[in-house]
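The sequence and structure come first, and the account follows.

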Amino acid sequence: MPKRYSRNLFQAAHQRNGFGRRDFLGVLLSGLACAANELASPVFDLPSQVPLFREVAEEVGLKFHHFTGANGEYYMPEIMGAGVALFDYDNDDDLDVYVIQGTTFDPTQDARRAKFPPAPGWRPGNRLFKNLLSETGKLKFVDVTEKAGVGHVGYGMGVAIGDYDNDGFQDLYVTNLGSNVLYHNNGDGTFTDATAKAGVDDPRWSTSAAWVDYDRDGRLDLFVANYLDFTVRGNKHCYAPTGERDYCTPKMYQPVPARLFHNRGDGTFQDVTEAAGIAAAVGPGLGIVCADFNGDGWPDIYVANDGAAAHLWINQRNGTFKETSLLSGTAYSVDGLPQAGMGVATGDFDGDGDQDIFKTNLTNEGANLYVNDGHGNFNDASAEFGLLLPTFPYTGFGTEWFDYDNDGRLDLFIANGAVNRLESLRGSAYPFGQPNQLFHNEGEGKKFREMTGVAGPAFAATEVSRGAAFGDIDNDGAVDIVVANNNGPLRLLLNQSRSLNRNHWLVVRLEANHGNRYGIGALVELRQKGRKLLRRAHTDSSYLSANDARVHFGLGEDPKIEDLIVCWPDGQQEAWDKIQADRIVTIRQGTGRSIRS
């Protein structure tokens with residue numbers, strides 16, 4: 001009976017001639033996991049009835065429920081989706097929401113006859129919700145899917161956001177079980193399906209995708225992670241230890257190679273997977289993040305693989321990549337074991353000027369916190385920073401480094417939800433629900449503090465969360481979270497921490513003038529008295545999802561900004577010294593003080 005955890009932990013440890021820390025944690029889990037949430041305490045000195053986050057999705061018009069198309073056959077894609085994107089598609093200075101939807105596996109099947117049928121009034125296909133904040137001054141959304149032409153009906157997985165033709169409007173790439181879709185933003189509120197013209201389709205099971213200018217030519221290229229060779233006809237039957245049908249592990253199928261598409265600059269792309277060396281290693285890819293991990297100024301690519309070694313593709317600066325996960329220390333757990341990598345995020349959480357990696361995994365594995373030494377060598381310090389034990393009981397997916405309380409330190413959110421039946425939920429119609437988690441960065445040398453238990457009712461829900469997208473959706477200076485639930489409703493976690501402290505903030509919108517209009521991959525450093533804050537312009541990371549391209553800084557109680565320094569994707573560096581706090585600013589390349597590197 002195939003199952004992700006079919007062996008006793010003691011037996012597994014004995015067979016590999018060592019009893020690792022994760023085995024010890026597994027033994028203690030039943031007693032300590034419950035205590036983890038009880039130990040959480042607020043980071044705010046003044047008591048308040050205002051929760052850190054308030055769930056407002058339906059209240060503001062984001063009415064959406066994910067449909068899995070499940071019919072009792074336990075097709076693996078049912079449990080893996082889906083993603084969500086935050087992006088300003090109409091350039092009206094507020095964030096809109098694009099949500100990925102599932103469908104039936106048999107096109108002739110009536111959705112109402114599915115195991116979990118959609119609610120009355122349900123409309124098939126992905127949905128685009130326009131934010132009316134700039135027009136009305138109030139946070140409210142309206143469904144504009146049909147008008148925009150982006151309601152693709154397919155078995156949707158993920159979404160990537162990027163302006164691939166440098167016309168100033170962000171485009172959409174949608175991944176599916178089956179053919180993917182590239183929507184070109186026409187700049188007038190509508191999109192055109194440019195998949196065939198661009199040559200970026202992939203008919204397999206694609207998951208996360210990322211736009212990255214890997215050769216620094218000013219044009220965004222496209223990396224697409226593929227998962228397994230699953231087909232409906234080849235569906236395998238797997239079972240829980242109780243004998244009940246359950247979803248299979250990825251070991252029951254073969255992994256499928258990722259794809260890398262090079263942007264030619266004329267609206268078309270060339271498949272350079274083989275030429276760039278990406279075909280040299282194959283894994284069941286789920287999460288993707290692109291960043292300069294070794295400090296050479298060129299973007300690298302990290303892929304979280306499910307049940308196999310992760311991949312770290314280091315850019316060789318000549319159009320090729322070299323896979324270095326084993327040498328860099330990012331392939332396996334601290335015990336040297338492959339893990340079920342799902343979501344991934346990168347950021348300078350410890351303030352030492354380099355990109356550290358956080359990866360979510362399966363229940364009974366715990367998350368990884370790979371700390372960078374500045375040269376692309378990593379140490380898994382999840383236990384040392386207090387992130388291993390609290391994540392051990394859960395299966396993590398969407399995740400991101402973000403400063404939710406604007407104190408200048410990067411915190412963590414994790415969207416959780418099981419992929420195999422949970423014995424604790426026996427009798428439930430959908431026994432996969434788990435609570436999401438929030439962790440506060442306590443500062444240099446200190447462990448993270450779990451805030452889940454005090455973050456408000458939004459974190460008390462037990463759902464099957466997957467994708468998560470991050471951005472300041474109401475333009476109040478605090479980062480909000482949109483969570484896509486599998487077989488559940490979309491959630492908008494509105495950040496209310498500004499009601500609980502006096503911290504200042506800055507949101508930076510980049511405009512590059514040498515291509516790559518949104519400055520994807522740029523490093524932005526903000527200097528205050530006594531500290532430097534480093535952030536990265538990106539839309540990738542998390543799981544199947546895309547984030548706000550703007551760069552957010554929490555400043556703490558001191559509003560004074562000494563310098564804002566941008567290292568643009570083409571390597572040019574500029575500084576600005578008259579930036580005011582508590583506002584959204586646009587930084588244009590060529591208007592600052594040039595800095596020689």
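Where does the largest pocket lie, and why? In this predicted model, domain 1 (53–464 + 480–504) and domain 2 (505–594) both contribute residues to the lining of the largest pocket, so the pocket lies between them.

The domain assignment divides the protein into domain 1 (53–464 + 480–504) and domain 2 (505–594). Taken over C-alpha atoms, the centres of domain 1 and domain 2 are 23 Å apart, and the contact involves 58 residues from domain 1 and 39 residues from domain 2.

The size of an interface is often expressed as the accessible area lost when the parts come together.

## The largest pocket

The largest pocket has a volume of about 740 Å³. Its lining consists of 38 residues, and those nearest the centre of the pocket are Asp-292, Gly-297, Gly-521, Leu-523 and Cys-567. The elements that supply two or more residues to this lining are strand E10 (206–212), strand E16 (285–291), strand E33 (523–528), strand E34 (531–536) and strand E36 (563–567).

By class, the lining of the largest pocket comprises 18 nonpolar, twelve polar and eight charged residues.

## The largest cavity

Seven cavities of 30 Å³ or more are found in the structure, and the largest cavity has a volume of about 350 Å³. This cavity is lined by 23 residues, of which Glu-400, Trp-401, His-538, Arg-550 and His-552 are the closest to its centre. Two or more lining residues come from each of strand E21 (344–347), strand E25 (396–402), strand E29 (465–471), strand E34 and strand E35 (551–556).

Which domains contribute to the lining of the largest cavity? At least three residues are drawn from each of domain 1 (53–464 + 480–504) and domain 2 (505–594). The lining residues of the largest cavity divide into eight nonpolar, seven polar and eight charged. Strand E34 gives two or more residues to the lining of the largest pocket, and strand E34 also gives two or more to that of the largest cavity.

## The second largest cavity

The second largest cavity has a volume of about 70 Å³. Of the 15 residues in its lining, Ala-258, Ala-281, Gly-283, Val-303 and His-311 are the closest to its centre. Strand E11 (221–226), strand E17 (300–308) and strand E18 (311–315) are the elements that give two or more residues to this lining, and E11 gives the most, with three residues.

How many residues of each class line the second largest cavity? Its lining has ten nonpolar, five polar and no charged residues.

## Two points of the backbone

The peptide bond from Gly-81 to Ala-82 is cis, with omega near 10°, and Ala-82 is placed in the loop between strand E1 (53–55) and strand E2 (84–87). Another loop, between strand E30 (480–485) and strand E31 (491–495), holds Asn-487, a residue other than glycine whose phi has a positive value, near 55°.

Key:
Residues are numbered from 1 along each chain as its sequence is written. This is a predicted model: local features need pLDDT of at least 70, side-chain atom pairs count only at pLDDT 80 or more; totals for chains, interfaces and linings use all residues. Side-chain values use heavy atoms; hydrogens and water are left out. On a 1 Å grid over the protein atoms alone, a cavity is a set of points where a 1.4 Å probe fits but cannot get out, and a pocket is an open set with protein on both sides within 12 Å along at least five of seven lines; lining residues have an atom within 4 Å of a point. Grid points are joined across faces, edges and corners, and a volume is the space filled by probe spheres set on the points. Helices (H or I, at least four residues) and strands (E, at least two) are DSSP runs, numbered from the N terminus. Ala, Val, Leu, Ile, Met, Phe, Trp, Tyr, Cys and Pro count as nonpolar, Asp, Glu, Lys and Arg as charged, and the others, Gly among them, as polar. Domain bounds come from an automatic or database domain assignment. Contact means heavy atoms within 4.5 Å.
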